[in-house]
Amino acid sequence: MSVSHIFIEVIDCLWIIIELITKLSELKTLSCGTVNSNRKGLPNDMKNASTAIKNLERGDSLKRQCKNVLAVSWKDTRVVNLLTNIPGNLDDVEVNRWEKKNTNQLTLTKPQAIVTYNTYMGGVDLSDQRVASYRRHMKSLTWYLQIFFYLLRLSAVQAFLLYRKTHKDSKLSQYDFFVKLSEGLIGGRSFTKKKGRPSAELPHEISFDRKLYHAPVKHSTQSKCVVHSNRVDTTYGCGVCNKRMCPYPCFYRYH
């Protein structure tokens, strides 16, 4: 197995299944991740309702292997189930745990697979934290839109990390980087689509000609302000341009 084709991937417990680990093994991708005890394909004696799991004491573990996929159940304060295809995870290591009841330390055995998972899980947690920092709040529950915007935010985070790696002296924050990235992608081409029939635009020499004495005029009816991006109705407008706009600050922004 070529080292250049291997990278370790930590998978969230909501997505990990036996078939996924097997497929990643075929693609020469090392992976590990926690798994819920009710997942299909997990050995029956590793289910939470099984007698073997109920009889586990703190520090005990169960290991089951099928080809190159290893399933591990280990009990610390609670039972943790894990799937991995990373070689060399059959051994155990000793760890110290604090026992609150007797206020002393215990030496327990911990599967190497759990140690490997904890080593790489920190990077996944940090990535999720960065992605969620400036997430787009959306009401849609359509699953493919959720995936699309998550991958979009993840791409922006990866771009920020690459920027920090290539510009080590830069103190640009993640927020400022996202702002500059958005401005670069938009490139001044943003616009608000107006509803209704298009109105005839006045030449700029009329709109900005101060000699024509542009002044706000009050009307008897309300109409949409041409300056606001969202709909704001006003009774005022310009007497020369014949455009509805709020007296302040829209009138001064328009002229």
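Trainee: Which helix gives the largest share of the lining of the second largest pocket?
Mentor: That's α4, with six residues. Helices here are DSSP runs of H or I with at least four residues, strands are runs of E with at least two, and both are numbered from the N terminus. Keep in mind that this is a predicted model, where local features need pLDDT of at least 70, side-chain atom pairs count only at pLDDT 80 or more, and totals for chains, interfaces and linings use all residues. Residues are numbered from 1 along each chain as its sequence is written, and side-chain values use heavy atoms, with hydrogens and water left out.

Trainee: What counts as a pocket?
Mentor: Take a 1 Å grid over the protein atoms alone: a pocket is an open set of points where a 1.4 Å probe fits, with protein on both sides within 12 Å along at least five of seven lines. Lining residues have an atom within 4 Å of a point.

Trainee: And what volume does the second largest pocket have?
Mentor: About 340 Å³. That volume is the space filled by probe spheres set on the grid points, which are joined across faces, edges and corners.

Trainee: How many residues line the second largest pocket, and which lie nearest its centre?
Mentor: There are 16 in the lining, and Leu152, Arg153, Ala156, Leu181 and Ser182 lie nearest the centre. At least two lining residues come from each of α3 (112–133), α4 (143–166) and α5 (174–186).

Trainee: How do the lining residues divide into nonpolar, polar and charged?
Mentor: You get 10 nonpolar, two polar and four charged.

Trainee: What does UniProt annotate over residues 143–163?
Mentor: An unreviewed UniProt entry labels that stretch "transmembrane region". UniProt positions are in the numbering used here, feature names are shortened, and annotations may be inferred rather than shown by experiment. In the model, residues 143–163 are 100% helix and 0% strand, with the end C-alpha atoms 30 Å apart.

Trainee: New topic: which residues make up the largest nonpolar core?
Mentor: It has 11 residues: Leu30, Cys32, Leu70, Val72, Trp74, Leu82, Ile86, Ala113, Ile114, Tyr117 and Met121. A nonpolar core is a set of buried Ala, Val, Leu, Ile, Met, Phe, Trp, Tyr and Cys residues joined through side-chain atoms within 4.5 Å. Buried means under 20% relative accessible area, exposed is over 50%, and partly exposed is in between, using a 1.4 Å probe and protein chains only.

Trainee: Which elements give two or more residues to this core?
Mentor: β2 (30–34), β4 (69–75) and α3 do, and α3 gives the most, four residues. Apart from this core there's another one of eight residues, including Met245, Cys250, Phe251 and Tyr254.

Trainee: What does Ala113 touch?
Mentor: Leaving out residues up to four places away in sequence, Ala113 touches Val72, Leu82, Thr84 and Asn89. A contact means heavy atoms within 4.5 Å.

Trainee: And Ala71, is that buried or exposed?
Mentor: Ala71 is buried because its relative accessibility is 5%. This residue lies in strand β4, and its C-alpha is 9.2 Å from that of Ala113, 42 residues away in sequence. Beyond four places in sequence, Ala71 touches Leu42, Met46, Leu62, Lys63, Arg64, Leu82 and Leu83.

Trainee: Why does Thr116 count as buried?
Mentor: Because its relative accessible area is 12%. Thr116 sits in helix α3 and touches Ile86 and Asn89, again skipping residues up to four places away.

Trainee: How accessible are they, Lys28 to begin with?
Mentor: Lys28 is partly exposed at 37% relative accessibility, whereas Lys67 is exposed at 77%.

Trainee: Which peptide bond is cis?
Mentor: The one from Tyr248 to Pro249, with omega near 0 degrees. Pro249 lies in the loop between β9 (233–238) and α7 (250–254).

Terms used: Ala, Val, Leu, Ile, Met, Phe, Trp, Tyr, Cys and Pro count as nonpolar, Asp, Glu, Lys and Arg as charged, and the others, Gly among them, as polar.
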